[in-house]
Structures are given as C-alpha cells and as structure tokens.
Amino acid sequence: MRLVDVLVIGAGQAGLSAAYHLQHRGFTPATRAGRADRTFIVLDAEQAPGGAWQHRWPSLKMGTVNGIHQLPGFAVPPAHPDASSRDVLPDYFADYEERFALDVQRPVRVHTVRGATPQDGAETRLIAETDSGPWAARYVINATGTWTRPFWPYYPGMENFRGRHLHVRDYVSADEFAGQRVVIVGAGVSATQLLEEISRVADTFWVTRTEPEWLDDLSDADLSAAVARVEERVRQGLPAQSVVRVTGMYRAPWVRRAEERGVLVRHPMFTRIEERGVRMPDGSFEPADVILWATGFRAELAHLAPLELRTPQGGIRVANGRSLDEPRLFLIGYGPSQSTVGANRAGRDAVLAILDDPALAEKHAIPA
C-alpha cells in the first residue's frame with residue numbers, strides 16, 4: 001500500500017492545474033519525496049499527455065476551438081489559426097508536465113476509490129485501487145472529466161437503423177460523409193461546429209429538443225449568474241449541467257457562417273428512428289445515411305461508486321469543488337468548473353482547502 005497525502009486522478013486541464021498548485025505550495029511528487037515531505041501523485045489513464053485534446057477531430061483548428069485557457073504559470077504557445085488543436089495542445093500539456101516536473105504516472109487506470117478498512121492499515125485515508133496497485137491518500141482530487149463517457153440518448157427504433165450511428169467523440173472528418181444525408185442531433189457548440197463543416201460536403205438535417213436561445217453577446221453578469229445556477233444544482237445533488245446549457249448559445253463565427261449559407265435550419269426532435277431515416281412529430285419522414293449524435297458527455301465517476309455518494313436525483317452533492325458527503329474528496333472539472341478557466345480555479349481552490357485542513361497540518365507538524 002503506497003501512501004500519499006494527495007492523489008490526483010486525471011491529467012487534463014483540471015488535474016494539471018491541481019498538480020501545479022500542489023507543487024507551488026510545497027508538496028512533492030511521491031516518486032521523489034523524502035519522509036517528511038507533503039506528497040502528491042498524479043495518475044492518468046491515457047497513454048500520452050494531452051487529456052481529451054489528443055482525441056479531438058483533426059479539423060478542429062486553433063482558430064475555431066472553443067474554450068482554450070492556459071494552464072497556470074505557462075502560456076499556450078503561439079499557433080497558427082489553421083493548426084489542428086489536437087497537434088498543438090497535447091504538445092503544450094507534455095511541455096507543461098516536463099517544465100514543472102509533475103511526474104505524472106501513466107497509463108494507470110483507477111478502478112475504484114473506497115474508504116479504508118482496518119485490514120488496509122490506513123483507516124483515515126481513501127484507497128484507490130488501480131491496475132498498478134493500490135494507493136492510500138488523505139485526499140483525492142478527482143479530475144477525470146467527461147470525454148470517456150459520451151451520452152447516447154435512446155429513441156425508439158434506434159437499433160433498427162441501417163445507416164451509421166456516430167457520436168461526436170468518434171468524429172474524424174466531414175469528408176467521410178460526402179454526398180450523404182446526415183441528421184445532426186444536438187444544440188451545443190459541437191453540433192453547430194460540425195453542422196457548419198459537414199454541410200459543405202453533405203446534405204444536413206439539424207434537430208434539437210428545444211429551440212436554441214441565441215445570444216449575440218454574453219456579459220460577465222450573465223455568465224456569473226449561469227455559473228451560480230450550475231453551482232446550486234451540484235450543491236443539491238442534481239445532475240450537473242454545462243454552463244452553455246444555462247446561458248444559451250453564443251453566435252460564434254461558425255454559427256454566423258452557417259446562417260449566411262442557409263444551413264442553420266433547426267427542426268424539432270424526431271419521435272422514432274426507422275431503418276432508413278427518422279420519423280418527425282408531424283408524421284413526415286426524413287431519410288438519413290448517418291445520425292450524428294452531438295449530445296454531449298457525462299462526468300466519468302463510476303470509480304467513485306464504492307463511496308455511495310450518488311443522490312436519488314443522480315448527482316453528487318458538491319460545494320466549492322468539495323464533496324459535501326465525503327470531505328476527503330474533491331471533484332474538479334465537474335459542474336461549474338467544466339470550462340478550462342473554471343478547471344484552473346477549481347484546482348487552485350482544492351489545494352487551498354487541503355492546506356487549510358487541520359489534519360494535514362497536524363500530520364506534518366515539526367516536533368518541538
């Protein structure tokens with residue numbers, strides 16, 4: 001059983017932010033720490049640095065990618081607007097890990113996080129069972145993000161469709177749809193970006209459950225109010241929502257381009273899926289070769305199930321990034337901190353909360 005003060009799960013934006021602030025405030029990677037040091041370790045399931053950025057579609061360029069924010073202490077290097085984000089940003093993450101000697105351990109998958117038992121010999125700690133052996137931590141900072149949990153809503157007849165079902169997570173390029181009829185499902189950033197892109201080579205048909213609320217501008221006050229609403233949801237243990245879902249959709253450049261070309265035409269959600277297409281609420285039929293599900297992601301939290309933190313509503317009660325029912329656990333990049341700037345702040349705030357914990361100070365107190 002390897003002991004550590006703070007275990008960080010995930011090395012995306014949130015996890016690296018937490019690691020930076022831990023090291024900046026006197027913690028040492030457990031791989032090179034002395035007996036008296038405050039320690040941390042970062043475990044990442046990926047084969048290489050870059051978090052979800054390394055899996056984005058190649059056509060997502062630096063000039064159009066939504067929501068880049070530099071990691072603390074090291075700016076994103078200048079890049080041409082036409083450079084692929086999945087080329088630029090994983091290299092930036094790799095440089096960041098090396099620059100600050102964060103000693104990220106990968107690939108290491110955390111299977112479960114549970115409370116310690118007397119047999120573990122570490123009763124005050126949380127135990128992370130991994131494919132490289134267990135860790136016993138005073139605190140766990142969970143930063144596993146959402147990319148590994150694409151959300152597929154179910155519609156009647158889904159299994160009978162003879163075309164191709166594709167989630168945005170597995171999208172590669174518009175070229176593979178040339179000359180086809182593509183039904184695009186979703187009202188978020190990815191749906192509108194891919195609608196604009198795919199509609200240049202294919203016939204697109206865009207459906208959403210509700211009419212998008214378009215915004216030409218988003219004030220700081222509007223954004224703050226939206227974040228507060230998301231924070232209140234997770235405090236109550238309701239399923240987390242994205243800030244974008246609360247604020248409405250910003251008329252980004254790709255949205256305006258789609259409007260100008262006359263392809264930004266929203267239709268109501270279909271009621272069922274048939275072998276060759278979809279059936280609409282008015283009974284009409286729309287043929288389809290592909291149904292592209294730009295329906296978002298859910299937080300990857302299955303490994304936390306042994307802690308029994310799920311509420312009847314399906315969420316985890318969290319306030320200021322900390323579990324209200326298991327104070328040794330922090331969830332960052334969750335709920336209001338899903339954005340890159342939010343993840344940075346959540347990583348910092350989690351570390352500050354740990355430093356304020358009297359139990360940590362007592363453990364590292366220097367004898368008189």
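Q: Let's start inside. How do the residues lining the largest cavity divide into nonpolar, polar and charged?
A: Keep in mind that this is a predicted model. The lining of the largest cavity has six nonpolar residues, five polar and one charged.

Q: Which residues line that largest cavity?
A: N142, A143, T144, G145 and T146 are there, along with A299, E300 and L301. L331, I332, G333 and Y334 complete the lining.

Q: And what volume does the largest cavity have?
A: About 60 Å³.

Q: How many cavities of 30 Å³ or more does the structure hold?
A: Two.

Q: Which elements give two or more residues to the lining of the second largest pocket?
A: Helix 3 (189-198) and helix 6 (253-260). Helix 3 gives the most, with three residues.

Q: Which residues line the second largest pocket?
A: W57, S59, L60, K61 and T64 are in the lining.

Q: What's the split by class in the lining of the second largest pocket?
A: Five charged, three polar and three nonpolar.

Q: Back to helix 3 and helix 6. At what angle do they pack?
A: About 45°, with the axes 9 Å apart. That angle makes helix 3 oblique to helix 6.

Q: Left-handed or right-handed crossing?
A: The crossing of helix 3 and helix 6 is left-handed.

Q: Which residues of helix 3 and helix 6 meet?
A: From helix 3, V189, T192, Q193 and E196. They meet W254, V255, R257 and A258 in helix 6. By class, this contact of helix 3 with helix 6 has four nonpolar, two polar and two charged residues.

Q: New pair. How far apart are the axes of helix 1 and helix 2?
A: Their axes are 11 Å apart. Helix 1 covers residues 13-24 and helix 2 covers residues 85-99.

Q: Why do helix 1 and helix 2 count as roughly parallel?
A: Helix 1 and helix 2 pack at an angle of about 20°. Angles under 35 degrees count as roughly parallel, so the pair falls in that class.

Q: What's the handedness of the crossing of helix 1 and helix 2?
A: Left-handed.

Q: Which residues make the contact between helix 1 and helix 2?
A: Helix 1 brings Q13, L16 and Y20. Helix 2 brings F93, Y96 and E97. The contact has four nonpolar residues, one polar and one charged.

Note on methods: Residues are numbered from 1 along each chain as its sequence is written. This is a predicted model: local features need pLDDT of at least 70, side-chain atom pairs count only at pLDDT 80 or more; totals for chains, interfaces and linings use all residues. Side-chain values use heavy atoms; hydrogens and water are left out. On a 1 Å grid over the protein atoms alone, a cavity is a set of points where a 1.4 Å probe fits but cannot get out, and a pocket is an open set with protein on both sides within 12 Å along at least five of seven lines; lining residues have an atom within 4 Å of a point. Helices (H or I, at least four residues) and strands (E, at least two) are DSSP runs, numbered from the N terminus. Ala, Val, Leu, Ile, Met, Phe, Trp, Tyr, Cys and Pro count as nonpolar, Asp, Glu, Lys and Arg as charged, and the others, Gly among them, as polar. Axes are lines fitted to C-alpha atoms, for helices over the stretch in contact, and angles run from 0 to 180 degrees between N-to-C directions. Angles under 35 degrees count as roughly parallel, over 145 as roughly antiparallel, 65 to 115 as roughly perpendicular and the rest as oblique. A crossing is left-handed if the near helix is turned anticlockwise from the far one by less than a right angle, and right-handed if clockwise. Contact means heavy atoms within 4.5 Å. Grid points are joined across faces, edges and corners, and a volume is the space filled by probe spheres set on the points.
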